[in-house]
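Please keep the structure in view while reading.

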Amino acid sequence: MITLLDYGAGNVRSVINAIEKLGETVTPVNSAEGINNAERLVFPGVGNFGAMMQILRQKQLVEPLLRYLQSGKPFFGICVALQALFESSEEAPDEPGLGLLRGTVKKFDVELAVPHIGWNGITIHQPSPLFAELKGNEKFYFVHSYHIAPESDDYTLTTTDYGYRFVSAIQKDNIVATQFHPEKSGKAGLQLLENFLTGNKEAAVPAHCPQTTKLAKRIIACLDVRSNDHGDLVVTKGDQYDVREKGDVRNLGKPVELAQEYYEQGADEVTFLNITGFRDFPLEDMPMIEVLEQTSKNVFVPLTIGGGIRDFTDCNGRHYSALEVASAYFRSGADKISIGSDAVLIVEEVLAQGKSTGLSSIEQIARVYGNQAVVISIDPRRIYVESPDDAPNHHVIETSRPGPNKEKYCWYQCTIKGGREGRDLDAVTLAEVCEQLGAGEILLNCIDRDGTNAGFDIELVNAVRTAITIPVIASSGAGCSEHFYEVFTETEAEAALAAGIFHRKEVPIGLVKAYLNQRVEIRPSAY
């Protein structure tokens, strides 16, 4: 029996699913009594350090948790639960941590993108049962802006490199805790979790431990999900955002089945974009809730959900805030949420008022779940101009692909409503303001390239990536493995996303990774 501390925030479903996948029974608890009765405790911390510690104190869980940690019984902490073991965090200076270990939690001070998102390796510093049957060169999934800075090296279990070396896992007596997410780290993560759960593995140091580690470029499979004319949820794909063919919605498969197929092929993440407005449903009956719940049972890489993350009132007159909608998706198995059209409207309001209110969906969700949980999906199209003076209020670039009238300059116009409506806002400005509001990642689409198989819009990616300090996912236009290599070597994009070529089996994920292997740092499909 495994006890899981569920303090009420974030995606604990994936941890439960991973443990159950390994044949164990999980009992979620959120009370002092539940912690007191635990024999083997897993604590998946999620989101913001301050919000987590506030909830633990409000629920009077701090003292029972400290008693358990000092009891000698096995404990596994994940992500922010690792950070909670220390005295304080720069993320919330006024909220003390548990203080079990001396040290603080610091924000990354690097020239690289922050948050640190993706698959990175670990350098092992002491033997541990966690590493039984691992080779040592596996990569694990990280998603964080802050890292621990212990006063002592005595309990450093692993370190990882991201601009500089930081402690990515600790081991002290009965306590182990990782900054990375084993439940989102594929086969390697499941093996590590199994080693903890069985409790009978010999301490080991794998044979192939790297001395330094590198963050992998991510290959993301995207599933555009909508209801077809018969009311069935299907994965479809647009041609410059038109998803119909001969009058019918293109049906490229069932979302849950395709997601599992891509996971098994080696996808580093799976993104669901809900392109049907289910605004009339009670939140608990939203079709994407079930898609996430079913997918997370067998897919152990990060899941992102986009579409419908906004305030709405259902058919029963019940009002839901965007934060409530996001919370429901997180509890159903999502790790990140993606905000599209609403982000454009939010930024327009911020620019019009000259300041933010602190109440937008971006700000509220980032405040509770951390900025790493908020992705902004931008859908721009090119607007050609004769000179930068023709668009003085926008970020204009000189382009190597002249317009229809030989124009040498363009800017990227943001759109809403699935690309049907253009706005007087450019993609660079949108990304910059969203970063200021608390977003942690940009999903950068391109209407002009969508469905063309002509490659990613390198100029667009460079224009946005150089303007911000958060990671960028390049999207739209991939037609072959070489296009992934191009975007990873000609831009600083941290990830690349594709849909149609994967759905139509024109270029399988495994083929893309085989081509990139030895050319670009990736996570091999075998792991």
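Predicted model: local features only at pLDDT ≥ 70, side-chain atom pairs only at ≥ 80, totals over all residues.

How many cavities of 30 Å³ or more does a search of the whole structure find? The search finds four.

**The largest cavity**

- The largest cavity holds about 240 Å³ of space.
- Its lining consists of 20 residues, and those closest to the centre are Asn11, Val46, Val143, His181 and Asp335.
- Three strands each supply at least two lining residues: strand 3 (41-45), strand 4 (75-79) and strand 9 (140-144).
- Sorted by class, the lining of the largest cavity has 10 nonpolar, six polar and four charged residues.

**The second largest cavity**

- The volume of the second largest cavity is about 70 Å³.
- Its lining residues include Gly47, Cys79, Glu91, Val143, His144 and Gln372.
- At least two lining residues come from helix 5 (80-84), and at least two come from strand 9.
- Sorted by class, the lining of the second largest cavity has four nonpolar, five polar and one charged residues.
- Val143 lines the second largest cavity and is also among the residues closest to the centre of the largest cavity.

**Helix 10 and helix 12**

- Helix 10 (residues 341-353) packs against helix 12 (residues 427-437) at an angle of about 85°, and their axes lie 10 Å apart.
- Because angles of 65 to 115 degrees count as roughly perpendicular, helix 10 is roughly perpendicular to helix 12.
- On the helix 10 side, the contact is made by Ala343, Val344, Ile346, Val347, Val350 and Leu351.
- On the helix 12 side, Thr429, Leu430, Val433, Cys434 and Leu437 take part.
- The residues of this contact comprise 10 nonpolar, one polar and no charged.

Conventions
Residues numbered from 1 in each chain as written. Heavy atoms only, no water. 1 Å grid on protein atoms, 1.4 Å probe; cavity = no way out; pocket = protein on both sides within 12 Å on 5 of 7 lines; lining within 4 Å. Points joined across faces, edges and corners; volume = space filled by probe spheres on them. Helix = DSSP H or I, 4+ residues; strand = E, 2+ residues; numbered from the N terminus. Nonpolar A, V, L, I, M, F, W, Y, C, P; charged D, E, K, R; others polar. Axes fitted to C-alpha atoms, helices over the stretch in contact; angles between N-to-C directions. Parallel < 35°, antiparallel > 145°, perpendicular 65-115°, else oblique. Contact = heavy atoms within 4.5 Å.
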